[in-house]
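Hi,

Here is the structure I promised to pass on to you. Have a look at it first, and then read my notes below with the picture open beside you.

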Amino acid sequence: MGISIGMVGLGSFGSAFAKLFKAHPAVDRIALCDIDPEKIRKFAEDPFFADKFSPRDAYLSLDEICKSDVDALVIITQHWLHAPQCVRAMEAGKHVYSAVPLVTLPCMDEILDWCDRIIETSGRTGMRYMLGETTCFYPEIMFCRRMAEQGRFGEFVYSEGEYCHDVDSADNLRRVMQIRYGSDSGAGWPRQLADYRSRNIWSGPMDYPTHSAAGPVYVMKTHAEKVTAYGFTAKDPFFHDHTQKFSNEFALYKMANGTTVRLAETREAAGQLGNHEVAFRLMGTHGTFSENRWYEVKREGDYSQRYRSVELDEKELYDPLPPEVHNEFKTVLGEKAGGVGAGDFIPSGHRGAHPYMVHEFIDALVHDRLPVINAWEAARYTAMGVTAHKSALKDGETLTVPDWGDAPQ
Ligand SMILES: NC(=O)c1ccc[n+]([C@@H]2O[C@H](COP(=O)([O-])OP(=O)(O)OC[C@H]3O[C@@H](n4cnc5c(N)ncnc54)[C@H](O)[C@@H]3O)[C@@H](O)[C@H]2O)c1
């Protein structure tokens, strides 16, 4: 028997995943859930879903779908709802996939409490939790994981993670927030933000740190020990309205493996520092990855043969997917001529991350294993941001980053 999946939250981002989860060959039933029936209808009436969706499997609330017999829920609701909804789902006996972030709230201690609760609930109930962090499935991260597994970096030295998303960039944050606050489930949130402001609780972009933090942690398989960080006091009223004191934050970490990491989260700074809005770089004693270039040095032999640098073709950086998964995803994502790189389909959605994230979650359930971005791993990314923001509020005081240890084997 296959896996049954309930899609919770069919808004802008959830809509991008419904067809992929439905298409995965190990999924034999799909349920749809949103408090807005119109959002369910557009998928329920699509013939593509007919062989795995029954009208009985349309649910208008999380509570309703938690009472159903589906195996797992994919929660892609607004960012302040994720952690409570994931805990609720795991308590109801469902495995959960959560859109990033683990949760975003103006109070950093509340975010840490939710890390604690997600880990405790996943550990106690045995339900699998996966954070759908797109960065971990970017082509350069797949390539660097392979290089790391082969020892090609030598000793890790230094890494950088950046998420540069200006409020007025093409994916305009003012419009995104209007949509997220505009639905029934979002309408009450501005009042709650006002309550935090009345208590003088202010956040910054490090409350959503997963895109910058994930690369260094995921590739080096380590965690942060200490941080010192600074913030740029927001100029645009948008940030005040969203309870953000800082619109840009920058942090330097001492990592448990002896390396140094620098993260940058910018929301009020034009453009981006690297080739993409999410950038990742990693230097090792023998290998370095930066902006799609791989540099390698040998320490012995003829001096003229010691150094090489190659420009990498993005398509060649992807890991392969199992052929049966690859073939089904082709029906959703379309084919490309030539069959290069990840195969003859075009991995798309956040630079090709989406099909890989879907497969990772389903494969973890099929093989009864922890997903790679499990509760313990997700807490590491989150704690890096939370502690950086606390440091920035204290003008760069060096603080210890909390850690919950490695995920149980
Ligand atoms: N790179 C990335 O990983 C990335 C990119 C974009 C969005 N996201 C994340 O995706 C999430 C969703 O973003 P969006 O833009 O789609 O938001 P959205 O507001 O368009 O959609 C949220 C949907 O969830 C539904 N919902 C809320 N509470 C519910 C409940 N209790 N039961 C059923 N349905 C419920 C809403 O009705 C709405 O349709 C955000 O948290 C965001 O952080 C991640």
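Let's start with strand S14: zero of its five residues are buried, so S14 lies largely in the open. "Buried" here means that 20 or more other C-beta atoms lie within 10 Å of the residue's own; with 12 or fewer the residue is exposed, in between it is partly exposed, and the C-beta atoms are placed from the backbone. Strands are DSSP runs of E with at least two residues, helices are runs of H or I with at least four, and both are numbered from the N terminus.

Before going on, two notes on the model. It is a predicted one, where local features need pLDDT of at least 70 and side-chain atom pairs count only at pLDDT 80 or more, while totals for chains, interfaces and linings use all residues. Residue numbers start from 1 along each chain as its sequence is written.

Back to S14 and its neighbours. S13 and S14 run antiparallel and are joined by five bridges (two strands pair if DSSP finds at least two bridges between them). Val-297 has Tyr-307 of S14 as its bridge partner, and Trp-294 stands opposite Val-310 in S14. Trp-294 of S13 also has Phe-289 opposite it. S13 (residues 293-297) pairs with S12 (residues 287-290) as well, in the antiparallel sense and over four bridges. The S12-S13 hairpin has two residues between the strands, and there Glu-291 takes a positive phi near 45°.

Is Glu-316 buried or exposed? It is exposed, because 11 other C-beta atoms lie within 10 Å. Glu-316 and Pro-216 are 100 residues apart in sequence, and from C-alpha to C-alpha they are 21 Å apart in space.

Next comes H11. Its buried residues include Val-325, Glu-328, Phe-329 and Leu-333. Seen down the axis of H11, the buried residues fall within an arc of 130°, so they line one face of the helix; the arc is that of the directions from the helix axis to the C-beta atoms. As background, an α-helix has 3.6 residues a turn, so residues three or four places apart point the same way. The buried residues of H11 pack against helix H1 (15-23) and helix H12 (353-366). On the face turned away from the buried side, H11 carries the exposed residues Pro-323, Glu-324 and Thr-331.

Now for the other sheet. It is an open sheet of six strands with parallel pairing, in the order S3-S2-S1-S4-S5-S6. S3 (58-59) and S6 are the edge strands, each pairing on one side only. S1 (residues 3-8) and S2 pair in the parallel sense over six bridges, and Ile-3 has Val-27 of S2 as its bridge partner. S2 (residues 27-33) is mostly covered, with five of its seven residues buried. S4 (residues 72-75) and S5 (residues 95-99) run parallel and are joined by four bridges, with Leu-73 opposite Val-96 in S5.

What about domains? The domain assignment gives domain 1 (3-132) and domain 2 (135-321 + 371-400); such bounds come from an automatic or database domain assignment. Their centres, taken over C-alpha atoms, are 25 Å apart. Across the boundary, 24 residues of domain 1 are in contact with 28 residues of domain 2, where contact means that the C-beta atoms, placed from the backbone, lie within 7 Å. On the side of domain 1 that touches domain 2, the elements giving two or more residues are helix H5 (108-125) and strand S6 (129-132). H5 gives the largest share of that side, seven residues.

Finally, the ligand. Where does the shell around the ligand lie? It lies between domain 1 and domain 2, because both give residues to it. Of the 29 residues around the ligand, Gly-9, Gly-11, Phe-13, His-79 and Ser-185 come nearest; a residue counts as near if its C-beta atom, placed from the backbone, lies within 6 Å. Helix H7 (residues 173-182) gives the largest share of the shell, three residues. By class, the shell has 12 nonpolar, 13 polar and four charged residues. Here Ala, Val, Leu, Ile, Met, Phe, Trp, Tyr, Cys and Pro count as nonpolar, Asp, Glu, Lys and Arg as charged, and the others, Gly among them, as polar.

Cheers

Note on methods: Two residues are in contact if their C-beta atoms, placed from the backbone, lie within 7 Å.
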